[in-house]
Structures are given as structure tokens and as C-alpha cells.
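Student: I have a model open and would like to go through some of its local features. Could we take them one at a time?

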Amino acid sequence: MKTGGQLIVEALEANGVDRLYCVPGESYLAVLDALHDSDIRTIVCRQEGGAAMMADCHGRLTGRPGISFVTRGPGATNASAGVHIAMQDSVPMILFIGQVARGIKEREAFQEVDYKAFYGSMAKWVVEIDDAARIPELVTRAFAVATSGRPGPVVVSLPEDMLTDAVEAPAALPHMPVETRPGDEEMEKLAALLGEAKRPFVILGGTRWDEASVASFKGSAERWALPVGCSFRRQMLFDHLHPSYAGDIGIGPNPALADAIRNADLVLLLGGRLGEMPSSDYTLLKSPYPDQPLVHVHPDAGELGRVYRPTLAINATPSAFAAAFAALSPATPPAWRAETERLHAAYLAWSTPPKTGPGPVKMGPIMAWLEENLPDDTILTNGAGNYATWLHRFHRFRRFATQGAPTSGSMGYGTPAAVAAKDLFPEREVIAFAGDGCFLMNGQEFATAVQYGLPIIVVVVNNGTYGTIRMHQERHYPGRVSATDLKNPDFAALARAYGGHGETVERTEEFAGTFERARASGKPAIIEVKLDAEAITPTKTLTEIREGR
């Protein structure tokens, strides 16, 4: 006889869980008690949104479901931001929520929420476990759903009285990952399409990649001399200094890159969905009928033909496709090699930081210094805001599992993601970028980094405004500033108050020494970079945007 709480923990262990992220609640005390006797590392967070974002980053970097536990009502609703990120980003995670007791449901009991209704359109599956004997079955199914096809979040609701029931139940068995593979006929058709093409282009995206499949596809890109771009915030899927790399297809892409995609006579979209942001509002590839012949490879058959009608649809995971593609070689030397070289040169020029800009702090030289001084395996995380443009455009990603950034454009992600990344990979450097508005949405997770001795470095780019909204405001309502100015704390002092290292950069030349001291401190650190609000983008000032220049 075991309690529901014990069965939950045993099911997690059976499915290979080694750590989880939580904010404790009385609604799942029985699980917390069972964790006391488990080897699962339990990381206590400061807000449920941060805990869910840590679970998302865990799933993003490892491919294994990140696990988060939160309490009912406010805890569950706080966590929804992380669930939304995981859904839009196709990241496997499982959120466990304490629920009111079974006998008082439907009375709007204390903190009661109908989780199937609340999360129904935001998660792949929502289940409430009313019978403790079914815990091994349903928890293992949650792992299978979270990882199969297009990965995503699963929400499991746990009535608190169910967790204290003592029952007999079978031992939990691990889920079996499902791999979809391309057929020989599909690969022959792809080879024929490539053989007829003169201007092909490859777009990498999505999840279900691993280090081996990334390396395998890089070899294929070399063999075929293919130009390769990465979808929005999927830049860790291809080495940016490889001669095939043409750039990232994100917000405001390199015009040369955008033209190459529009003019391609074959587009291979591998792993991604190419949603609104990377498709430039569905203009690079028109929906539902692209101008270019399209080969779409995706692990979920439901995504094939959903937004774009492909010339050839291949239902396969990126790793299985990469292995099959590695067996193909061009019959003749690729005619597009010179175009691939031209696009890579255009990318290198595009990703070279500017040296000038308004104000005493210039982000271009700071990014150039970081490029020269960060190891290739550094993990960089961020949330959303114009500050992120400096990272996405000017950092050259070299390796897999080095990027934690939400394609959903959610603010507040960078700090909790960095905490999870550093706990997963303590031997690697982890840097979070955040705007002043972005940091204060989940900056309290810096306390989690201090509690667990995780020496992340958070670069807070402080320009005293919600920069992205201010940019659009000046473009559409010039000179009418409303609801975008911010009054901020002393972020460096805040870091020290938490028990970390904190410094402020007010001139460009101060950054290098400040960063090295943060590294040497051995503590979680915040580097506040005081950036002039005029430096709203790498190429435009607020005044230029306001004046329509």
C-alpha cells in the first residue's frame, strides 16, 4: 500500500526525472513528503511562473520533459505563462498542480479552478487524477504525450485528498519515445527535387533535435553546399561560422536572407512550423500556398499541411530525417555553391556589431567583446524586448544546447531559464540577457540562483522604458509617449541585497572589467548596463523612428 504522493514520485523516478522546479503548497504536501526520501533534486522557486519557465528551459536544452509542481488557484494561474511558452515553442514539460479535495469540487472551494477549462487550449493534454491507483498509468502517459509528435506541455491536476489515499498499484514503467522516420520513396523524391533545383534554401527549426542530429545535418549541408538558415530563436541548430550558414529568420531578418528565401526554387523546412514571426507575417512563405516548392519535414503529421500546403510532406523527427539525409549525396556538383558563399558573407557582415551609437554606453563594442571572450559552449538566455536584438543578431552560436529563448516572445524568461541551465550544466558559463522591464517580471528568481549557489551572470540592459512598445508607439503615435516609461531600482544594489555580486556599467569601456569581476566573484551576478533610450535598435534611434527616417 502506497500513498498517491509516493506513487507520483515513483512514477517520476521511473521516467528518469532527476530534478524538478516547484513553489510549495499545502495542496500537494503528500508529494513533498515523498520527495523527502527521493534522490530527485527539488529546486524551490520564488514564483510559479519562474518555476514553469525553468521546467521549459530544462525541456528545451535536454529534450526530456521539464517537471514543475505548483499549488492550486493563484499558483496554477501564475504558472500559465510557462505553459504557454512551452506550447508555442514545442517544448516537452509537465506541470503538476495541487487541486481541492474531490468531495468539495464544483462549489468554488478555496482556490478552486477547473484546469481542463483553464488550460484546455494552452496544453497538449490536461488530466485530473481522481483515483490514486491510476497514477502510474496516467503519469507515464503524460510523459508520452509531452514528448511525442510535436512536443509540448501536459498539465496534471492532483486532488489533495487523492494524494493521501493508500492504495495498491502496479509499479510505474517508463514511457517509450516514439520516433517517426522518412520512407525511401520520400527521400528519393527529395533527392529528385534537389537535383532539379538551382536556388534551394534550408530552414531549420522546432525541437526534437539532439547534438548528434545537428552534427549529422551539418555534414549533409557541407556535402550538398546548401544555404541554411535557422528559424526565430532556434539559432543553436547550426554553427554560425560554418560556410553554409546564411542567418536567422527572425524579426527583421537580413534583407539579403529574406530575398534568398523569397526567390528560392525549393525550400526545405526541417522541424519547424514557421509561424508568424519567422515567416515575417507569412510573407516569406505565403500561407496556405507558398510561391516556392516546399518540402516540409515535421514529427507531427497534424502540422503537415496545417499552415502551408507542401509539395512534399515528410512525417519524421529531425534526428531521423538527418540520419536518412546523410545517406544521400548530390549526383553532380551543386550549382548553387557560389550563392551559398555569398549568403554566408552577407551574414558575417550583418552580424558584425556597429561601433557607434547614441549615449556613453554602446552595445556594439560590448557584443564584440563578448564574442571574443565567451567559450563556444556558453549558454545564453533571454526573454523579450528590443535589447534581445543585440544578442540574436550579433552573437554567433556555435553549438547545440546553448540557447534558451522563447519563440513565443514572453518577457521574464531569461533569469529563470539561466537558473535551470546552470543547474543542469554547472561546468558551463550561463549568461542571461534582460531588459529592465523584462528582468523585473521574474527577477526574483535571482534569489533561487543565490540559494543554490548557481553563479549565473545577468546582463540587465536598462534604458528606462518598455523599449519594444516605445518603438512601436513612436512609429505609430510619434511624440505621444504613454504608459512606456519606467522608474527602476538600482539593479546592482539589488543583486548585492540578494547576496550576489552587482555592478553598474555607465561607459562602454567599463564593461570588460566589470564582466571579469562578475566571473571571478563565484556568485550569481547582475551587471546593469545603463543604455540611452535613443539606442532603441542597432540601426535606428528613437528620434529617427519618431521622425519617420
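Student: Is Thr71 buried or exposed?

Tutor: Thr71 is buried, with a relative accessible area of 9%. Buried means under 20% relative accessible area, exposed over 50%, and partly exposed in between, with a 1.4 Å probe and protein chains only. Please note that this is a predicted model, in which local features need pLDDT of at least 70 and side-chain atom pairs count only at pLDDT 80 or more, while totals for chains, interfaces and linings use all residues. Residues are numbered from 1 along each chain as its sequence is written, and side-chain values use heavy atoms, with hydrogens and water left out.

Student: Where does Thr71 lie?

Tutor: Thr71 lies in the loop between β4 (66-70) and α4 (74-78). Helices (H or I, at least four residues) and strands (E, at least two) are DSSP runs, numbered from the N terminus.

Student: With which side chain does the side chain of Thr71 make a polar contact?

Tutor: With that of Ser27, at 2.6 Å. A polar contact is a pair of N or O atoms within 3.5 Å; within protein, one must be able to donate a hydrogen and the other to accept it, and residues adjacent in sequence count only if both atoms are side-chain atoms. Not counting residues up to four places away in sequence, Thr71 also touches several residues, including Val23, Tyr28 and Ile97; contact means heavy atoms within 4.5 Å.

Student: And Asn442, what does its side chain reach?

Tutor: The side chain of Asn442 reaches the backbone oxygen of Gly412 at 3.1 Å. Asn442 lies in helix α17 (residues 436-442) and is buried, its relative accessible area being 5%. Leaving aside neighbours within four places in sequence, its contacts include Gln47, Met53 and Pro416.

Student: Changing topic: which residues of α21 are buried?

Tutor: In helix α21 (residues 511-521), Phe511, Thr514, Phe515 and Ala518 are buried. They are on the same side of α21 because they cover an arc of only 95° around the axis, the arc being that of the directions from the helix axis to the C-beta atoms.

Student: What do they pack against?

Tutor: The buried residues of α21 pack against α14 (363-373), β17 (430-435), β18 (457-462), β19 (501-505) and β20 (525-530). Gly522, which follows α21, has a positive phi near 75°.

Student: At what angle do α9 and α12 cross?

Tutor: The axes of α9 (residues 184-196) and α12 (residues 318-325) cross at roughly 65° and come within 11 Å. Met187, Leu190 and Leu194 of α9 make the contact with Phe321, Ala324 and Phe325 of α12. Axes are lines fitted to C-alpha atoms, for helices over the stretch in contact, and angles run from 0 to 180 degrees between N-to-C directions.

Student: Which residues other than glycine have a positive phi? I would start with Arg233.

Tutor: Arg233 has a phi near 60°, and Glu108 has one of about 50°. Most residues other than glycine have a negative phi, and most peptide bonds are trans.

Student: Are these two buried or exposed?

Tutor: Glu108 is exposed, with a relative accessible area of 70%, whereas Arg233 is buried at 7%. Glu108 is found in the loop between β5 (93-99) and α6 (115-119), and Arg233 in the loop between β10 (228-231) and β11 (245-249).

Student: Finally, which residues does the cis peptide bond join?

Tutor: It joins Ser287 and Pro288, with omega about 5°. Pro288 lies in the loop between β12 (266-270) and β13 (294-298).
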